[in-house]
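Have the sequence and the 3D view side by side as you read.

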Amino acid sequence: MKVFLDTNILASAAATRGLCADVLREVLASHELFISEQVIAELRRVLMLKFAVGQDLIDDFIWLL
């Protein structure tokens with residue numbers, strides 16, 4: 001199945017444990033994740049400003065996606 005996750009789900013999955021992380025893990029393991037350049041740009045901004053995630057961790061997470 002093709003799945004598109006929005007920035008809120010991806011940011012929560014990257015920064016916290018819980019339902020969003022479980023959803024992302026399942027999508028990566030069993031489905032095909034679709035993501036746009038706009039979502040990636042917004043995800044970088046949200047992780048840096050709202051969650052204070054370091055640039056190296058953000059780059060690693062984006063690479064994983």
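Start in helix 3, where Arg45 and Glu42 sit three residues apart, about one turn of the helix. Their side chains meet in a salt bridge, at 3.9 Å from N to O. Both ends are partly exposed: Arg45 has a relative accessible area of 47%, and Glu42 comes in at 34%. Keep in mind that this is a predicted model.

A search of the whole structure turns up three salt bridges. Another one pairs Asp22 with Arg25, with the closest N and O atoms 2.9 Å apart. These two are also three residues apart, this time in helix 2, so about one helical turn separates them. Asp22 is partly exposed at 41% relative accessibility, while Arg25 counts as exposed at 52%.

Then there's Arg44 with Asp59, at 2.8 Å from N to O. Arg44 belongs to helix 3 and Asp59 to helix 4, so this pair ties together parts that are 15 residues apart in sequence.

Now for the inside. The largest nonpolar core has 17 residues, and Leu5, Leu10, Leu24, Leu43 and Leu47 touch the most other members. Helices 1, 2, 3 and 4 each give two or more residues to this core, with the largest share, five residues, coming from helix 3. Look at Leu47: beyond its neighbours within four places in sequence, its contacts are Ala11, Ala14, Ala52, Val53, Ile58 and Phe61.

Finally, how do helix 1 and helix 2 cross? Their axes come within 7 Å and cross at roughly 100°, so the two are roughly perpendicular to each other. Ile9, Leu10, Ser12 and Ala13 of helix 1 meet Cys20, Ala21 and Leu24 of helix 2. That contact is made of six nonpolar residues, one polar and no charged.

Terms used:
Residues are numbered from 1 along each chain as its sequence is written. This is a predicted model: local features need pLDDT of at least 70, side-chain atom pairs count only at pLDDT 80 or more; totals for chains, interfaces and linings use all residues. Side-chain values use heavy atoms; hydrogens and water are left out. A nonpolar core is a set of buried Ala, Val, Leu, Ile, Met, Phe, Trp, Tyr and Cys residues joined through side-chain atoms within 4.5 Å. Buried means under 20% relative accessible area, exposed over 50%, partly exposed in between (1.4 Å probe, protein chains only). Helices (H or I, at least four residues) and strands (E, at least two) are DSSP runs, numbered from the N terminus. Contact means heavy atoms within 4.5 Å. Axes are lines fitted to C-alpha atoms, for helices over the stretch in contact, and angles run from 0 to 180 degrees between N-to-C directions. Angles under 35 degrees count as roughly parallel, over 145 as roughly antiparallel, 65 to 115 as roughly perpendicular and the rest as oblique. Ala, Val, Leu, Ile, Met, Phe, Trp, Tyr, Cys and Pro count as nonpolar, Asp, Glu, Lys and Arg as charged, and the others, Gly among them, as polar. A salt bridge is a side-chain nitrogen of Lys or Arg within 4 Å of a carboxyl oxygen of Asp or Glu.
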